Amino acid sequence: MTKVSNKRRKKVVLRIEPDLGHLVIMSKSHKLIPLENIRDIRAQSDARFYREQFQLPAEWEQRWLTLSYIVDSKHKILHLIAETADALRELDETLRQLHAVRKSLMSGLGESALRQAVWERQYWTASDQEKDEKLVFEEVEGLCKRLGMAHNREDLLRIFKQADRQGRDYLDFEDFRYFVKLLKARPEVERLYRHIRSSSNGVFNVEAFKHFLRESQRSTASDEEIQTLFNLYASGSKTQTAPADLSSTTSADQPQPTLVMSKQDFTTFLLSSDNPSFSDRHSKVWHDMTRPLSEYFVSSSHNTYLVGNQLMGDSTIEGYIRALLYSCRSVEIDIYDGAPPLSEPMIFHGKTLTSKVSLREVCEAIKKYGFMTSPYPIIISAEVHCGLVQQDLIAKIMLEVFGDALIRSPLADRPKLDALPSPDDLKGKILLKTKNHMLLSKKLASADSSGVEGSSSTTSESETPGTQSDRRTSFKLPRRESVSKHVRRESDAVRALNMLKRVRSGRRTSSSHEIPPGIVRRAESDKPPMSFALAELLVYTVGVRCRGINKKEEYAPEHMFSLSENTMNKMVKTGMLDLIKHSRSHLIRIYPKGMRLRSTNYEPHHYWVAGAQLVALNWQTVDIGTMINHAMFQRNGRSGYVLKPPALTNKDKSILLTRKKHILDLTVISAQQLSRPKDENGHEINNITLSPFVEVSLHIPDWSNLPLPPATPTQPPPLVHQSSSNFARSLTYKTNVIKNNGFNPLWEERFRIPFDSVGDMLDLCFLRFVVRHEGDDDLEPLGIYCISLGSLQTGYRHLPLHDSHLSQYLFSTLFIKSALNDA
């Protein structure tokens, strides 16, 4: 095959190794791409963007394959040209089938039999260095070293001989499977199993299972559901004497078989999707999706076009594809004039060294990938820095690319905008949000300074019936240098009036705009005039300036404003209750401050607790903010929309102002098969013997901006770190280090973590686990897991660990026990 890039082409040999689970690029560097690290596969016309960008012949398109993947914690793109179209088709189909198997194993802890089979095949093939379908002791010893096991040579030899049941001094595949079973012995699970069995006369029957589920797991399942679950996992039987029954023809002394659960059955159950750590109705959309948009948190991205930092990063469609495939529902575009005379508008970060990508290419990517993972509406947040001609072109491109998916007028069954529509109402739709500059000033300049009169009649809350004032606003047509000769002023005037009837200016009683202290307003002359064609696309998401949130200001339901984190921080301090009230019926978007030069993130729950729906993050940077956002939007079927807690939507203030104190009782028990770090070519780093520890942190909002009764002080247990910044607080603890064991480290360390919540908003409190290697801060974490306390299932649970890009590892888990109690 031919590997192509913007600068060069070279011949490579491509080999797929299904048992090992990776793609091999045979070249000087011999690169490996794990199949589970592939993010997207694009073939032929789906990869046209890059072929055109590289200015390569159109006939190559039928043989073109593009892979988006992650290696060494970096997003990368690989472009390949097959020798023939048939060769491409075979490669494409094979990759998709193998990738689908791996992907299905990366969505939780289900399919345990398939997971075990994949693991056995992968490690058997990797260990069989002679390729003779036999493993001698030296090969087994190498495998255990690779797995990071702490067994000494004598213990390992003993297990090897136990598995070599025919005494041949080697293991075939069936012997190897038995060896693995011995290797994966779980003493902590065995102790738990014996404890449960001892409470039921030494028999693990359905009554023992029921007691475990009700007492330890706090299950609310019915007796019938528990019986069904028990029957699913129990594989053994125990003969016992049946009780006397005079009405039965069966002798009282006749033995009756009773289904029991073995230790292996119990282990399988603990690792199964029927014992999840994440309580979200089996990954289905289950929230009520018929509420107004303002009652949902919306997964949102800032500077979506960037795949690096905001000073010198690349602008590309990849940022949109990655975000949309993770169910992001609000993306950002910063649009500037294209180079004259014919170029279309371009997207990039102004006044920086970032590269550019065309608006049309971005819109085509949004159309193609926008609804693959979620059917719910996409909000495009646009910063428009273009002149009138290119603003018209923006509207033209969006109409051409999005077609009927683009919202251009209110829904047919609700022409009056008295409330925002629901996600269900807008399924498959795209909404444009940008500032409507026609609403930012009373007068709009025109070529001949002639005015067009339009009237708007509104009633202020301070005005009594019968004293309503008629307000007449003068609208003047903007100058249209190159097109005014061909368009009549009367036509523009009619369009202006029709659009302004739909997009209303909020009414107010004060002559001055009240803005929270310290917030500086940008001069109106900073922005170019507004194109009518573009303004007509603003329906349910009309950007307006925040004039303050108080009784003197009123905004139409479709009016929304975007606030920087600095502005929002000031507003949270001075009027959090007003923000919460306003966001019950209006959308608010928050974005990171410009001084985050490395594109870092804030912790989004700080703004969610104030009611803000679209809290935008730099998705190209994975940090604690991204992890919290990922945990939030894993909920509700990964749809990108999550209902706000009732405390933020209910008008009853008593719900919002109720404080509770809790104790999180957490035991970090053990980890299983921690993943070894890999180098830039995808190869495992073998000269490191893992010595892991676990860092546990609880992240809760700072409730102090609400008028709450004072909290009773509590003394937290010894901890590593406590922080309180940007209105969010965190408590961090860590376990001891387990030396030289990355395969099955055992901690069994307990933490009691006190914290408080307001309005029962446990959904906005987040628990993060990070497994690290001792003494090497340069290494990526060995595993990460983050979950909201509102979604955490208590009891004994296995957490599926993720890598630093939040992709689930196939085999790595963390075993914990948790309980949440009122203090």
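**View 1. Packing of helix α5 against helix α6 in a predicted model.** Helix α5 (residues 153-163) packs with helix α6 (residues 173-183) at an angle of about 135°, and their axes lie 9 Å apart. Axes are lines fitted to C-alpha atoms, for helices over the stretch in contact, and angles run from 0 to 180 degrees between N-to-C directions. This angle makes α5 oblique to α6 (under 35 degrees counts as roughly parallel, over 145 as roughly antiparallel, 65 to 115 as roughly perpendicular, and the rest as oblique). The model is predicted: local features need pLDDT of at least 70, side-chain atom pairs count only at pLDDT 80 or more, and totals for chains, interfaces and linings use all residues. Residues are numbered from 1 along each chain as its sequence is written, and side-chain values use heavy atoms, with hydrogens and water left out.

**View 2. Residues in the contact of α5 with α6.** From α5, Leu 156, Ile 159, Phe 160, Gln 162 and Ala 163 meet Asp 175, Tyr 178, Phe 179, Leu 182 and Leu 183 of α6 (contact means heavy atoms within 4.5 Å).

**View 3. Crossing of helix α7 and helix α10.** The axes of helix α7 (residues 187-198) and helix α10 (residues 263-270) cross at roughly 110° and come within 10 Å. Helix α7 is therefore roughly perpendicular to α10.

**View 4. Residues in the contact of α7 with α10.** Val 189, Glu 190, Leu 192, Tyr 193 and Ile 196 of α7 meet Lys 263, Phe 266, Thr 267 and Leu 270 of α10. Helices here are DSSP runs (H or I, at least four residues), numbered from the N terminus.

Notes
Helices (H or I, at least four residues) and strands (E, at least two) are DSSP runs, numbered from the N terminus.
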